[in-house]
Amino acid sequence: MPLTMKKLAEIFTNKETGLTQGHRMCPGCGAPITVKLALMTAKALGYEPVIGFATGCMEVSSTIYPFTSWSVPYIHNAFENVAATISGVETAYRALKKSGKISADKKYAFFAFGGDGGTYDIGLQSLSGAVERGHKFIYILYDNEGYMNTGNQRSGSTPPGADTTTAPVGKKIPGKVQLKKNIVEIIAGHEYVYAATVAFGEPMDFMSKIEKALSFDGPSFIAALSPCVRYWRVPEDQTVDITKLAIQTKYWPLYEVDRGVYKVTRKPSTFKPVSEFIKTQERFRLLLQRPDAQEIIDEIQHYVDRRWERLLALEEATKDKPIR
Amino acid sequence: MTKVHKEAITGAQAAAYAMKQIEPDVVAAYPITPQTPIVEYFAKYVADGVVKTEMVPVESEHSAMSAVVGAAAAGARAMTATSANGLALMHEIVYITASMRLPVVMPVVNRALSGPINIHCDHSDTMAERDSGWIQLFCEDAQEVYDLTLMAVRLAEHEQVRLPVMVNQDGFIISHGVEPVELLPDEVAKKFVGELKPLYPLLDTEHPVTYGPLDLYDYYFEHKRQQIEAMKNVFKVFPSIAEEFYNITGRRYNFVEPYKMEDAQYVMVALGSTNGTIKYVVDQLREEGKKVGLLKIWMFRPFPKAEIQRLLTGRKAVVVLDRSASFGAEAPLYEAIKSSLYEVASKPLLGSFVYGLGGRDINPELVRFAFEKAMKHELVVDQELYLGLRE
Ligand SMILES: Cc1ncc(C[n+]2csc(CCOP(=O)(O)OP(=O)(O)O)c2C)c(N)n1
Ligand code: SF4
């Protein structure tokens with residue numbers, strides 16, 4: 001029986017999810033929803049989560065000393081090294097288990113969480129190193145498409161046309177001009193890894209991918225679209241719907257790459273234009289006021305269409321052809 | 001006294017051999033000259049199954065220290081080793097290790113810090129970490145590398161200390177020079193080092209803890225004060241560890257080593273391998289009837305000020321040799337000695353000599369020259385002089 005939202009709700013009525021009350025995240029923020037869904041899935045399946053967190057909005061908002069919102073073991077080391085830190089934790093576990101210093105009965109789940117800045121940019125090296133070395137851990141990227149902790153700066157994940165403080169939409173330059181870095185492809189390029197995208201607007205898909213990652217005998221990477229209500233300027237009660245819209249507009253396709261084998265896990269029967277996704281968010285307000293707005297939107301539309309076709313082609317081409 | 005065996009080995013081997021006997025749970029490391037042989041020797045121990053350690057061949061020193069932090073917080077005994085730019089790349093996490101009070105021991109093979117790039121010995125790498133909250137020990141030779149590495153584990157893990165330790169050895173001079181080293185039998189070394197008693201391990205899921213929280217102006221200061229106090233405890237704790245070690249080996253360690261100091265009027269102070277050369281010159285000058293002596297510093301952080309004040313007060317002159325510069329200020333060891341002497345009853349004349357940057361040779365003639373300057377009363381306080389520099 002696969003896990004369902006109803007089942008999770010039942011299990012956790014009288015049980016801690018791992019992330020408890022009292023954190024200072026904005027209401028509606030996507031990050032804690034992502035974290036909770038992952039932790040609840042792991043716990044419901046009998047795993048004990050041990051967590052590493054990269055510096056960022058969620059880290060600073062959930063551990064303001066002398067308080068902590070974490071009822072599971074948690075370590076924050078620095079901004080760019082959560083993957084290396086958790087690889088040390090996971091190695092310690094293997095070493096201590098081998099020498100009999102800790103019991104082998106317990107099922108641990110080692111999680112590393114990082115924002116897009118800590119993942120696409122400054123933390124990419126340590127992430128790549130840890131994945132290449134094959135530590136058994138689950139890296140979850142909560143992707144809010146910018147540096148929130150430091151106040152809306154651009155990241156390697158910020159889409160073109162979004163207004164940020166370090167690549168602002170100006171009279172001359174229309175904000176960020178580059179496309180998002182394709183982080184899933186980068187990580188999937190490591191020969192032994194399970195990589196996937198998720199969005200909490202599709203919780204069943206989300207949970208089943210976490211479940212897969214937990215049982216995968218190597219590193220897993222999960223990219224979760226996690227809107228930021230402050231930066232995206234969206235109403236607090238809209239974050240879940242916006243992730244759904246991202247899926248329907250091909251902006252955030254749901255798929256997985258399991259040791260080289262691609263699978264698109266949600267295939268909407270009808271799609272909406274990407275402009276619908278863009279128009280829900282004030283971060284694109286300045287873009288929409290520009291005379292060249294349509295050009296940029298067309299560029300994004302073209303990109304998401306091509307990427308979707310490419311994903312379907314990869315799914316077809318890699319079918320039954322795992323790397324290992 | 002314990003039965004020992006003597007082997008002709010390098011300083012790097014001495015460090016690796018001590019690590020073998022310590023047998024940490026986790027070693028994460030990245031190669032850099034002249035530290036590389038340490039991790040190579042250790043990796044071979046792992047590959048041959050001589051130790052049960054899990055080795056993590058990380059992709060950078062930044063990740064080496066990060067993984068060590070993760071492993072140590074998880075409750076494992078964790079080690080790494082590095083040099084120069086590797087240490088500089090770790091810098092951010094070096095501070096974090098100390099602030100999390102993780103008892104990590106790290107051999108550091110001292111090398112000039114770029115730029116321009118230079119792979120030879122000086123102390124600029126470790127001096128850049130002197131305020132990071134790590135205990136810093138300096139070795140004169142491979143024997144001390146072996147001995148101090150074993151003692152460092154006890155010191156780092158002591159419940160009143162719980163601070164990381166760097167065991168410094170001079171690049172190439174010690175790390176690649178071959179010397180006879182007395183080695184303890186494995187069981188004796190293991191018994192001396194003992195088992196790590198992890199505090200607040202992450203893997204204890206029944207008692208979850210949060211490491212590395214956001215610590216604002218309402219508590220950060222108090223936490224730093226705790227680190228300061230833990231550092232001070234080193235003065236209480238180290239002598240008993242050294243005493244225990246003496247009982248096993250007959251080799252006595254302290255914060256500093258006074259050499260022919262009883263009646264010395266002219267004293268030289270230095271860190272690391274140069275102390276061997278200075279001892280040789282002190283012996284020569286003594287034969288000539290000169291009242292010279294040496295004060296070798298084993299422990300640079302915490303700085304054993306009381307000991308230094310006691311030993312240097314009333315001397316005619318003190319010559320401080322530094323293997324690193326502090327641009328626009330006084331060289332680090334000189335500065336520390338000078339500030340220690342501010343309060344002594346009878347202040348010696350002071351001289352500062354910077355030498356050996358980027359591996360430039362230091363030899364007995366240069367050491368003698370510095371002593372002669374002191375004996376001729378030609379030292380001018382705060383006038384930085386250089387040994388072996390072409391001007
Ligand atoms: C080495 C280093 N550089 C810069 C910073 C400042 N900094 C902290 S968090 C952050 C951005 C975090 O962005 P992201 O990873 O996207 O997470 P978010 O805050 O959006 O959740 C930056 C630039 C830092 N802590 N360390
Ligand atoms: S600023 Fe954004 S990322 Fe940070 S808590 Fe608020 S909504 Fe979440």
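## Ligand 1 site

In this predicted model, a polar backbone atom of Cys57(A) lies 2.9 Å from an oxygen atom of ligand 1. Two further backbone contacts involve glycines: a backbone N or O atom of Gly118(A) is 2.8 Å from a ligand oxygen, and a backbone N or O atom of Gly146(A) is 3.0 Å from an oxygen atom of ligand 1. On its own, ligand 1 has 590 Å² of accessible area, of which the protein covers 78%.

The shell around ligand 1 numbers 18 residues, and those that come nearest are Cys57(A), Gly117(A), Gly118(A), Tyr142(A) and Asn149(A). By class, six residues of this shell are nonpolar, nine are polar and three are charged. Helix α5 of chain A, residues 116-121, gives the most to the shell, with three residues. The site is shared between chains, because the residues that surround ligand 1 come from chains A and B.

## Ligand 2 site

Ligand 2 is surrounded by residues of chain A, including the cysteines Cys26(A), Cys29(A), Cys57(A) and Cys228(A).

## Nonpolar cores

The largest nonpolar core comprises 93 residues, and the members that touch the most others are Phe110(A), Phe137(A), Tyr139(A) and Phe221(A). Helix α3 of chain B, residues 61-74, gives the most to this core, with nine residues. Another core, of 83 residues, lies apart from it and includes Met19(B), Val161(B), Met231(B) and Ala242(B).

Beyond residues up to four places away in sequence, Phe110(A) touches Val50(A), Ile86(A), Val89(A), Glu90(A), Tyr93(A), Lys136(A), Phe137(A) and Ile138(A), together with Leu203(B) of chain B.

## Buried helix residues

Helix α11 of chain B, residues 332-341, is mostly covered, with seven of its ten residues buried. These are Pro332(B), Leu333(B), Tyr334(B), Ala336(B), Ile337(B), Ser340(B) and Leu341(B). In chain A, helix α11 spans residues 274-279 and contains Ser275(A). Ser275(A) counts as buried because its relative accessibility is 16%, under the 20% limit. Leaving aside neighbours within four places in sequence, Ser275(A) is in contact with Ile297(A) and Gln301(A).

Thr249(B) belongs to helix α8 of chain B, residues 220-249. With a relative accessibility of 10%, Thr249(B) also counts as buried. A polar side-chain atom of Thr249(B) lies 2.8 Å from the backbone oxygen of Phe245(B). The backbone nitrogen of Arg251(B) is 3.0 Å from a polar atom of the Thr249(B) side chain.

## A partly exposed loop residue

Ile173(B) is located in the loop that links β7 (165-170) to β8 (178-183) in chain B. Its relative accessible area is 42%, so Ile173(B) is classed as partly exposed. Not counting residues up to four places away in sequence, Ile173(B) touches Cys121(B), Ser273(B) and Arg323(B). Ile173(B) and Val109(B) are separated by 64 residues in sequence, and their C-alpha atoms are 9.8 Å apart in space.

Technical notes
Residues are numbered from 1 along each chain as its sequence is written. Chains are lettered from A and ligands numbered from 1 in the order in which they are written. This is a predicted model: local features need pLDDT of at least 70, side-chain atom pairs count only at pLDDT 80 or more; totals for chains, interfaces and linings use all residues. Side-chain values use heavy atoms; hydrogens and water are left out. A residue is near a molecule or strand if one of its heavy atoms lies within 4 Å of it. A polar contact is a pair of N or O atoms within 3.5 Å; within protein, one must be able to donate a hydrogen and the other to accept it, and residues adjacent in sequence count only if both atoms are side-chain atoms. Accessible areas come from the Shrake-Rupley method with a 1.4 Å probe; for residues, only the protein chains shown count as cover. Helices (H or I, at least four residues) and strands (E, at least two) are DSSP runs, numbered from the N terminus. Ala, Val, Leu, Ile, Met, Phe, Trp, Tyr, Cys and Pro count as nonpolar, Asp, Glu, Lys and Arg as charged, and the others, Gly among them, as polar. Buried means under 20% relative accessible area, exposed over 50%, partly exposed in between (1.4 Å probe, protein chains only). A nonpolar core is a set of buried Ala, Val, Leu, Ile, Met, Phe, Trp, Tyr and Cys residues joined through side-chain atoms within 4.5 Å. Contact means heavy atoms within 4.5 Å.
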